[in-house]
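Reader: Could you walk me through this model, a few questions at a time?

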Amino acid sequence: MADKIKLFVNGVEVEVEAGKNLIDAVGAVGIEIPHLCYHPALGADGNCRMCLVGIEDGRPPLVPACKTPAMAGMKVLLDAAHIKKIQHDVMELELINHPTDCPVCDQAGECKLQDYYMAFDQAESRMNVPQVVKGKKMDFGAGVVHDQERCVVCGRCVRFCRQITKTGELGIINRTDDARVNIFPGRPLSNRYAGNVVDLCPVGAMTSRDFRFKQRVWFLKKAPGICHGCAKGCNITIDHNREKYKDDIIYRFRPRLNEQVNGYFICDAGRLSYKAENEGRLTEARLGNKARPIDDVLAACTREIERAEKIALVLSPNCSLEQMAAVQALAEKLGAFLSGYSDGYIKPGDGDGYLIQDDKAANRAGLGLLGIDCSREAFESAVQQAQLLINFNNDLTRSYKESDLKKLLQGTKVIAVSSHDTPGTALADLAIPVASYSEYAGSVVNCDNILQSFAKGLSKNNDLADICAIAVQLGSPLGSPKERFALLQQSISALKDLEPDKIPAQGLNLNDSEAANVTA
Amino acid sequence: MGAQVKTIERKGSSLQERLYLPEIFKGMATTFGHLWRNLLDNRKLYVRHYPEVQPEIPVRWRGRHRLTTHEDQTVKCVACFMCQTNCPANCIMIEAGERLDGKAEKMPVKFNIDLLECIYCGYCVEACPVDAIRMDTGIFSVTDNNRESFVLGLEELLTTPGAFSEEEYKKGGA
Amino acid sequence: MSLLDYVMIAIRVAFSAFVPLCFVAVCVWMERRGAGYFQDRSGPNRAGIFGFRAAGLVQNLSDGIKLAFKEDVISAHIKHKFFFVIAPVIVFFTAIVSFAVVPFADTLVLGGKSYIMQGIPLDLGILWFLALAGFSVYGIILAGWSSSNKYGILGSLRSAAQVISYEIPMGLAIISLLVVYGTVNLNEMAQFQGKLLFGFLPMWGALLQPLGMVIFIIAAFAECNRNPFDLAEGESEIVAGFHVEYSAMKFAVFFMGEYVAMFASSAIIVTLFFGGYQIPFLATETLINFAKPVAFLLMVALPVVIYFFTGWIRRSNVSHYPRENDPRVFEANVYIKCFWGLTIFLELVLLAILFSTSGGAAAGIFVALLQICTLLLKVTMMIFVFIWVRWTLPRFRYDQLQKLGWQTLLPLALLNIFITSAVVVALS
């Protein structure tokens, strides 16, 4: 924990963390200093002049808060007349060449320029000369559309590409009111984190081609979630909305701050993985190839389970710990072999050491924690012996070619408990639709052994059951979330003294707590 | 500071009023006067002979909606969703798309107004930043025999002309 | 029994059954157009057949057809379907049957036999009416109860309490009347009122029993559930009261029952207090003796009345806005021609009476017809009063209604009995 210091804002004493600049230090206690170019992940640039504050210790009358470290006893002025005037004047300056096309701008509603205009300016434009014409709707590549006219030249995007991705595709060219952000000719944005410039941009200059014109942001409901795109488990905000007479649909994923896991950013692949939550879903229970009421299919499953002498279960490495526990208990009760074989989820060499991981499954560490066998040999021999394979959302077509898979499953009936309508699901004799990760609550352990829990994000019109519930219907003895958590507590020592709702929002680092347990 | 108190005389306590019948007869005389006057000359009825004689629609009357167009008949709407956001009845359903003719970046691909849900409050007109939606068609009676036909589409909204000239509309306070 | 007997029975039964039904149309028409004119609007006047609107009467026809062909809904929550269906029938049936004892003409003497001109020639008279008027509330209670609806049960409870409260002053008002007339037979009452009071006033119940008349009329309004006593319906607080669950023809039967009850009540009021079928100053004997002069007078008066009436039609039945070749003028001309045709027919009938033998069967029938017309005219005027009151007065509050019934009408009715008895005893 950092040291605390005391300083004065507008004459009121506040206690803040030491070692931060004024914007972050004072912002942490709820006093906002307006800023456009400063971003905690990108450092202070000091070009926008929006964060100018007064400090009463003999300094010049105006200092940029982003470049000023918070010091004990500092007397910060935010509401003095000259500060108000400078904020108003900076806003007027920013808006001189701004097209104010908010009606067509996707940023409207989450735009810093709009917010600050309402807070500090609220004046008519005094411009009586034509505005500078710049490029609009420029394709920067990687799904980023740029509008130079809306840009306030804060340089966040430029710094992101230089400091974070170290690719440096963007630069600011020309000077004064002609300054603009651009790519080098023939060198579009080509890094795997380019989508973050859209989030970074405080105004509507950077927009996402994917999200463009889909929704106005004020319609979107925001739910916190965990990205299941790879083993990193980046924290995301699920922006979803149920339009009138339509289903609840996810429109975008945005990164959510978690210093322990992903910081401020996510990769583009994870950003676009929301599409899989909307499309290609298995929505109806199937018997053979025909859609049937889910109760009929469940009854047929129960009959199959009774008939089969040997049963094999296979589990997706994307399942939450709770689901794994429920399925494990089911396997024990049926005397079946439970496998977590999912080599197909690993793409060797894809990871980059930053956020993207080789392993494209969110909870492989969970399989290990619960002691579930993941070897190919054990899985194949179990399948060959079994008359019935119950597949809990494991997309086996990732691990096998379709012909090999058919060969392997010959003589074995398959019940697919699946969230998506994959080719593997089509091969199954019985299919039961289940919720995907934005539609259930659970917890996952990421590649760094950090356990993160997440809540149910949205409810579809046809709200599908969770794998836990299906496992219980098929005979798993762990009927309630409490029982499932108790089983997890047995397997994971760090959870022993925790209530389910006491898992910290930043995630529980199992390495730390395990180390702590060992020393104790 | 005391509130101003105005004492109102309570009526109905005199004997004649308490007998009730005389007052009833007085009331009946009044109503009969109306009946007799109207029987003798039914031109004195305060009615409009509606389907034949149409009411005069003032400029500020909020009738059925329409979408205005630029001079070259292209849609003015930029699909900013302000009307949909402002609509208290949630009767406007817009789908936006890319606009390629250079007039703006964005335009509505679908623009549906469910007249069965519309409460004709005119908030959409007030919210519109580009004067694209108006309620100046002068259409006050929308009838049909199925629900679907009450959902106005983009085509219908665009082709309905306004009932007033631009000058009249502007003078009406819009 | 001769053929004539059967014919007379058929005529009388048909009269007392169908006239109330026909008057439903007239009542509804009067109510709706009257309401319009009371409130300075025109009322329903647009429905027409080939442009003939019959002053709005066609609207009734179309409403009737609509109600007959509407889907007859019995909600699934209604358990006692039999009572639910029988309820409107009770209301309607009691209303029609209560009219059966009202004499619509004096005893007709044909071929030496006298025929009592009532639907059911009973001596019960007013008692029959009292019994059936009280019975109709069972229909309302059944309707409200079997609807399994809070509004329905509230409406019917209100109605039950109201009918009980107002039957008492009504009965007491009749008692004082019976003291005066000395009979329960309605025909005898009507004959009694044909006499003259002090030699120049018709001896009507209204003059003999003014207080009784007021009490009876107020109670009759309450019995009919008419405004200002229509709390059983109470649109503003209990939606429609007892018939809230009824639709289509079952609702229509309730609706018609209400108007038939109004017609029957009016007929009873007229018979008790306004001389029944008696034409003032012209008792039945006088009329039969002076059949020919009366017929002659009518022959003169009829064209004059029709002349002014058609003039009014010509003025009223036009479009009040600029219109080329106004079809309503053509419509008015057709009506006027019809009325003149009717007049000519009536003139011919009257002419036939002028040339018939005096004092014979023709004179008797003529007088009976005259008296029927008189009764219907008086009843129509009484119905008009019902409508007039409805469109003038606001509805009572329920406590006011009960207070009026028990604390005002009941003591007044008792007082009336004392005074009447004292006067009758003193005079005899």
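Author: In β5(B), B:Asp114 has B:Val151 as its bridge partner. Strands here are DSSP E runs of at least two residues, helices are H or I runs of at least four, and both are numbered from the N terminus. One housekeeping note: this is a predicted model, where local features need pLDDT of at least 70, side-chain atom pairs count only at pLDDT 80 or more, and totals for chains, interfaces and linings use all residues. Residues are numbered from 1 along each chain as its sequence is written, while chains are lettered from A and ligands numbered from 1 in the order in which they are written.

Reader: How many bridges join β3(B) to strand β5 of chain B?

Author: Strands count as paired if DSSP finds at least two bridges between them. β5 of chain B covers residues 151-152 and runs antiparallel to β3(B). The number of bridges joining them is two.

Reader: How far apart are the centres of domain 1 and domain 2 of chain B?

Author: The bounds come from an automatic or database domain assignment. That assignment gives chain B domain 1 (8-47) and domain 2 (66-171). Taken over C-alpha atoms, the separation of their centres is 50 Å.

Reader: Which chains share the most contacts?

Author: A contact means that the C-beta atoms of two residues, placed from the backbone, lie within 7 Å. No contact joins chain A and chain C, and their closest C-alpha atoms lie 28 Å apart. Chain A does meet chain B, with seven residues of chain A in contact with 15 residues of chain B. Of the two pairs of chains in contact, the one with the most contacts is chains B and C.

Reader: Which element gives the most to the side of chain C that touches chain B?

Author: There, 14 residues of chain C are in contact with 17 residues of chain B. The elements giving two or more residues to that side of chain C are α1 (3-38) and α14 (361-390) of chain C. With three residues, the one that gives the most is α1(C).

Reader: How many charged residues are on the side of chain C that touches chain B?

Author: Ala, Val, Leu, Ile, Met, Phe, Trp, Tyr, Cys and Pro count as nonpolar, Asp, Glu, Lys and Arg as charged, and the others, Gly among them, as polar. On that side of chain C there are seven nonpolar and five polar residues, and the charged ones number two.

Reader: Why is chain C said to be as compact as a globular protein of that length?

Author: Chain C has 15 helices and four strands. The globule rule is 2.2 Å times the number of residues to the power 0.38, and the radius of gyration is taken over C-alpha atoms. For 428 residues the rule gives 22 Å, so chain C is as compact as a globular protein of that length because its radius of gyration is close to that, at 23 Å.

Reader: What share of chain C is buried?

Author: A residue is buried if 20 or more other C-beta atoms, placed from the backbone, lie within 10 Å of its own, exposed if 12 or fewer do, and partly exposed in between. Of the 428 residues in chain C, the buried share is 40%.

Reader: Over in chain A, what is the bridge partner of A:Ile5 in β2(A)?

Author: Chain A has an open five-strand sheet with mixed pairing, in the order β2-β1-β5-β3-β4. Its edge strands, each pairing on one side only, are β2 (12-17) and β4 (63-64) of chain A. Strand β1 (residues 4-9) of chain A pairs with β2(A) in the antiparallel sense over six bridges. The partner of A:Ile5 is A:Val16.
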